[in-house]
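Work through the following exercises with the sequence and the model side by side, and try each task before reading its solution.

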Amino acid sequence: MSFDSGSVIVAGARTPMGRLQGSLKSFSGADLGGFAIKAALERDARHRAALEALKEIYEQLDKKDDLVTILRRLVPLQEGAEGVKAIRVRLAEVLSEMGRREEALDAGRRALEVEPHTIPELNRVKEVFLHLRAYGDVVRTLELRADLHLIAEERDLAVSTLFEVVDLWKGPAA
């Protein structure tokens, strides 16, 4: 059930504050919401709406380890390729931020396996690969972006993107 506030009820579970005599007062609203969502997930581990809500909470609280776990659980629950790709791109970004290089590279490469591509998503994956100094993967991403520009008959942008490849090989990848 959705409300004007943007809130969504994902399942029935509550935090038992009264019985605990206020022992949860030190927790934030996001923490308490997380407890209720986790309780809902104990009843149905594949509850997509609950996982999405938990993902948002972990994003807000910057709990990267927990976020990675939720993102991995969300991948097989996506209904289409675009959802899978969006989750994999975000997973690559988070893993890269955590310094988990090989896992981040794998997530980024797997995101590139899913078509169709968009310029913004290719730019995000390129930034992950640049951060990880995976220059061959950066080149692959730039070539995919140049192809998209050619399909859209944006020849100047395609050429500009290919010059980024040249600059990469002249600069950081030299």
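Predicted model: local features only at pLDDT ≥ 70, side-chain atom pairs only at ≥ 80, totals over all residues.

Residues are numbered from 1 along each chain as its sequence is written, and side-chain values use heavy atoms, with hydrogens and water left out.

**Exercise 1.** Describe the secondary structure and the burial of the protein.

Begin with the elements, which are DSSP runs numbered from the N terminus (helices are H or I with at least four residues, strands are E with at least two): there are eight helices and zero strands. Next, take burial, where buried means under 20% relative accessible area, exposed over 50% and partly exposed in between (1.4 Å probe, protein chains only); of the 174 residues, 38% are buried.

**Exercise 2.** Work out how the buried residues of α5 are arranged around the helix.

First check the length, for which the expected span is 1.5 Å times one less than the number of residues: the 13 residues of α5 should span 18 Å, and the end C-alpha atoms are 19 Å apart, which agrees. Then list the buried residues, which are Ala104, Leu105, Ala107, Gly108, Ala111 and Leu112. Seen down the axis of α5, these fall within an arc of 165° (taken from the directions from the helix axis to the C-beta atoms), so they line one face of the helix. Glu102 and Glu113, on the other side of α5, are exposed. Finally, the buried residues of α5 pack against α4, α6 and α7.

**Exercise 3.** Repeat the analysis for α6, and look at what comes just after this helix.

The buried residues in α6 are Glu121, Leu122, Val125, Lys126, Val128 and Phe129. Their arc around the axis is only 160°, which puts them on the same side of α6, whereas Pro120 and His131 are exposed on the other side. The cover over the buried residues includes α4, α5, α7 and α8. Just after α6, Arg133 has a positive phi of about 55°.

**Exercise 4.** Find which residues touch the most other members of the largest nonpolar core.

A nonpolar core is a set of buried Ala, Val, Leu, Ile, Met, Phe, Trp, Tyr and Cys residues joined through side-chain atoms within 4.5 Å. The largest has 39 residues, and those touching the most other members are Tyr58, Ile70, Leu71, Leu91, Leu95, Phe129 and Leu168. Among the helices, α4 gives the most to this core, with seven residues. Now follow Leu168: leaving aside neighbours within four places in sequence, its contacts (heavy atoms within 4.5 Å) are Leu130, Tyr135, Val138, Val139, Ala173 and Ala174.
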